[in-house]
Structures are given as C-alpha cells and as structure tokens.
Amino acid sequence: MRQDLNAIYSIWLREMLRFFRLKSRVFGSIASPFFFLAFMGIGFGGGTTMSGIPSGVGYVSFLTPGIIGMTLLFSATFAGLSVIWDREFGFLKEIMVAPVSRIAIVLGRTAGGLTTGILQALIILVAGIFMGMKMPSIDGFLLSLVFMVLVAATFIGIGLAFSSKMKDMSGFSLIMNFLIFPLFFLSGALFPLERFPGLIRDLAYLNPLTYGVDGLRYSLIGTSALSPVVDLAVLAICCAAMLFLGAYLFENTEVK
Amino acid sequence: MDGPQPSQSKGEAAISMQGLTKRFGEMTAVDHIDLEINRGELFGLLGANGAGKSTIIKMLTTMLMPTEGEARVWGHDVTRERNAVRSSIGVVFQDPAVDGMLTGRENLDFHGRMYGMDGPLRQERIDEVLELVDLAEKADIKMEDYSGGMQRRLEIARGLMHYPHVLFLDEPTLGLDAQTRRHIWQYLRNMNKDKGVTIILTTHYMEEADALCDRVAIIDNGKIVALDTPSNLKDMIGSDTVSLEVQSGAEALMSCLRSFPWVNSIVIVNGTIELMVDHAQSRIPEIMQEANKCGAVITSVGLHKPTLEDVFLKYTGRKIRETGGASGLMGTMMMHRRRK
C-alpha cells in the first residue's frame, strides 16, 4: 500500500517534470482553447444576444465554462493517450516491470493528467475573467473544481483505454477528428444545446462533456440547462466507469 | 573451470522453466523450454534474432504471459506472483527504456522511488551506481543528449540500483563499439563475482557468450539445442583444423599424413588440405617435416580452433552472422531513430 502511494507520487512527479520542462507543450496545449475563447468571445460577444442564453448573461460568461471544458477534454485525453508515447519510446517497460500494482500506475497517470489539465483550465478561467466574465463566487469556484476533476478523470480514462489498444500513434488523428472534436462540438461548449435539432440534441446528452460543461456553467456563472445534481451524478458515474475501463484494459496490456 | 559456485548449495534454482511456451497466433516463438539456472550463475542465451531469446526474457520478467508451461524466478511464479518476481529482478531491455526528457539522475531517482527506496538511500545508491558505470559527471544531462553507449550504461546502472537477486540483460551490447562492450563486460563480471548477482543475458555475439558466461544455452526456433559451459560446448566439436595450401605434391602429402595415428581425418576442399588434429599447434612442426620428406611445397598454413560459432553452426546448420549482422545494423538504426 505504502509502496503503491510512492509509485503514484513518482509517476505524478515525472509528469510534472515533463510538463514544465517542455515549454512548447504548455503553450501549445493552451493556445487552441485560448484562441477559441478570444475569437468566439470577440465575434459573438458585445451587444449580440443568442437565443438560449438567459438574458443578462454575456456570451463571454457563457463561453468561458465551455472552453474550460474543451481544455480539460483535450488535455485529459492526451494525458491518457501519452501512454502510447511511453510505449513507443520504451519507457513503458521501465514502468511495467516495477514491483507496483497496475492500479497505482493508472492512478499516478490520472493524478498527473488531472494536475496539468486543471492548471490549464485555471489559466483559461483567468483569461475569461479578463475578457469580461463575471467573477465566480468562492463556493462556485470550489464546486467548479469538483466538475473539473470529474471531467478530466473521465477523459483520462478514455485516453488510457484507447492507448491500451493502440500500438502506435497512427490512430491518433482518427481519435482527434472522430472522437475529440465531435465530443467538443456536441457538448454545448460554444452555444446552447437548444439550438440543435432534436436528434443531435439527444446525441449531445450521451456525451459526458455536456454534463461537465453544464455543471461548470452552474458553478461559475449560476445558470445551467440541467440540475447540477444531475450533472454531478452523471459525471460521477461516467468518471468511475471510464477510469475502471481504462485501468482494466491497461492492466491486461502486454509489453512486446 | 570457473563454473557456478558456492551459492548452488542454497538448493533452490534462481530460475526454473518447465515446458515454457509462447505462441503469437500461429507462430510458436518459445517452444516447451525446460531449463534451470543456478543462483550466482552468469548465464547466456545465445541465438540468432527471432530465435526466441527475448520472448523468454519477457516472460521471465512478467512483460508477457506464457501461453503454456511454468516458470519461477527466485522461487516466485511468473504468472501468479508477478509483483514478487518484479521485486527480485532488475531488467535491462534490448531497446532503450529511458525518459529522454529527464536527466540520468532523474531517471535513476524515478526508478528508486518505484522500488520503494527512501530519499537518503536513493541518494546513496544513485551515486554508487553512477560511479560504477562512470557516468557521475554526466548525471545531470538530459538523457536524449546521451550517446548510445552512455544510455546503455545508465540502464545497466539502473538495473542494479535496487540490488536485484537476478539481473536480466537483453542484448546488452547491441550496436555498441568494441571498447564500450568490453567495459560493460567488466561491470557484469564484477557484479556477478563480487556482489553475487545472478545474471542472465541474451546475445547473438559469440565472443560475448564465450568471454562472459558460465553456461550457455543455444536457442534455435524457440528450442534449446545445446546447453553447457562454453569450453565443453567447444570440446564437443572436437579437434582443431589445420589448413594447408599446397603448391604441388598434395596427393603425396595426404597419403603420408594419413598414416599418422594423431590425424583424425583429412580431406581436400577447393585445393586446400584440411586436417582434423588434436592439439594442433604442437603437430604443425611434424606436418612441415613430413611435407619436406615427401616433396610437397606448402605455401600457407592455417590453424582454426573450435569457437562457439562452430558449435552454433553444428547445432543449427547456420552461421549466426547470416542473420545477426543485418539485424545488428537494424538495431543500431532503431536506436538512432529513438534517440531523436
């Protein structure tokens, strides 16, 4: 047990060292959500109103939680998928041959992905506030952290599940274009879900990120399409299921 | 003969395999291997690439699950007691397994933490193993800037850092220059003799197996085709070969030599007489005298003592280099690619 905690910590520590050592990765991963926030915010913000957004809530306020969700989606999925890099560069063998439980390895990865994901999400939050989003309350902020953790953990689990089944990075652009982007656009991050036609809206409710974005909106700007309790419950279930799936598949990988 | 020593008396083998088998789909990579390796032994698995050596190592180090059969490492079953096996062993993989974005010291520190060492102990062991492989001065450089040889040495240091009972090395000197290779041999010998670490290595370099190992198993198509000390294996090949290139009088010389009892056999191959003789160096003067007597003119004399290469050829029907050379180059290229 103590040894497993050590292992979780050492894997987390390595992720931190790598993250802060690769400045380009920090900037690269934050750049695209930042551009979405800046250009969508400027383009649709200002005086225009959008049906589905409660009056009195500016578009930037509406958008920022969505972009936070996007940041978490991308960074968490990549954190899960980064196991493929370790496989490619051989380091996975060093991890797998160590006398620690496989679940500790998964938890260490998850802790690393959570930390870097939430750091990036907080940068976007600050950027949103600078662009005119209302300051959230302390309670709201703390609740938003809970949602951030759940969203990030869910997608780390998905990333881990994929990385256990993929031999190299060749499937990466498929995952990017046919999983991550659709999940992003189908989450209501950019505009209210009620603007979607019925069938697509139903699809959106199969997307865990939808509940994450909705919960983040509730906690940060006090408005949401669903009850925050529903958001929390759905996300918690998804998070547990995906982490379990990721850990299960990871446990059974062989390292050739 | 420096065979396995006192540690044998402890009774239990360091490693035992019974019917160990691994199939990948239709292909049988390892085919019912039965083998015991003693505690304190420096053991070599010799074979061409694709013979199944690495797959054996991967099963013994819990990286792959056996399809059939059993194996125990330091008394622990490799499928049922995986963490106990992992605690007993150190592994140096064939392909680099380091994080290039971290420094050598950070890679070792990560390793120490994963093996449950506390801060002061890690510090002590890191300094100790860095010293051992002469990398103390390069410890704080990112590993992506290490040369292939330095990387390899750091990986060996890492494999030893937690004082494993058994150290596995998969092609430890693949793609390294001769000098680095000799260095690494020296480290391994010291580790084995001074610290009593049981070492199992795979190689397709004959000289390596011959120079280092107490015992060698020759692996071909996933099976053990020969198993003994290098000197016993070479003795099985038998006599030395003396090759005589003769300008004239070959037939006469052959019939003269045939009458000597110490000539085991004599043939002529492409105009060169090949004599199978025991202790050939002491027979060469006699051969020269005999040539003078029967008027043959010898233009050159060659002496060939049996090597593991001959043993390998005898048991597998192939020269190891036919496959080994090309894949050695591939291995080097892979290492280059990986270091980018």
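## The β12–β13 hairpin of chain B

In this predicted model, strands β12 and β13 of chain B form a hairpin with two residues between them. Asn270(B), in the turn, has a positive phi of about 50°. β12(B) covers residues 263–269 and β13(B) covers residues 272–277. The two strands pair in the antiparallel sense, over six bridges.

Ile268(B) belongs to strand β12 of chain B. Leaving aside residues up to four places away in sequence, Ile268(B) touches Ala250(B), Met254(B) and Ile273(B).

Met254(B) is 14 residues from Ile268(B) along the chain, and their C-alpha atoms are separated by 8.7 Å.

## Helix α1 of chain B

Helix α1 of chain B spans residues 53–60. Eight of its eight residues are buried, so the helix is largely enclosed by the rest of the structure. The buried residues include two lysines, Lys53(B) and Lys58(B). Ser54(B) and Thr55(B) are also buried, as are Ile56(B), Ile57(B), Met59(B) and Leu60(B).

Just after α1(B), Thr62(B) takes a positive phi of about 70°.

## Domains of chain B

Chain B is divided into two parts: domain 1 takes in residues 6–235, and domain 2 takes in residues 239–305. Taken over C-alpha atoms, the centres of domain 1 and domain 2 of chain B are separated by 45 Å.

## Contact between chains A and B

How many residues of each chain are in contact with the other? On chain A there are 21, in contact with 25 residues of chain B. Two helices of chain A, α1 (2–21) and α4 (91–96), each supply at least two residues of the side that touches chain B. Of the elements of chain A, α1(A) gives the most to this side, with eight residues.

By residue type, the side of chain A that touches chain B divides into 11 nonpolar, four polar and six charged residues.

Note on methods. Residues are numbered from 1 along each chain as its sequence is written. Chains are lettered from A and ligands numbered from 1 in the order in which they are written. This is a predicted model: local features need pLDDT of at least 70, side-chain atom pairs count only at pLDDT 80 or more; totals for chains, interfaces and linings use all residues. Two residues are in contact if their C-beta atoms, placed from the backbone, lie within 7 Å. Helices (H or I, at least four residues) and strands (E, at least two) are DSSP runs, numbered from the N terminus. Ala, Val, Leu, Ile, Met, Phe, Trp, Tyr, Cys and Pro count as nonpolar, Asp, Glu, Lys and Arg as charged, and the others, Gly among them, as polar. Domain bounds come from an automatic or database domain assignment. A residue is buried if 20 or more other C-beta atoms lie within 10 Å of its own, exposed if 12 or fewer, and partly exposed in between; C-beta atoms are placed from the backbone. Two strands pair if DSSP finds at least two bridges between them.
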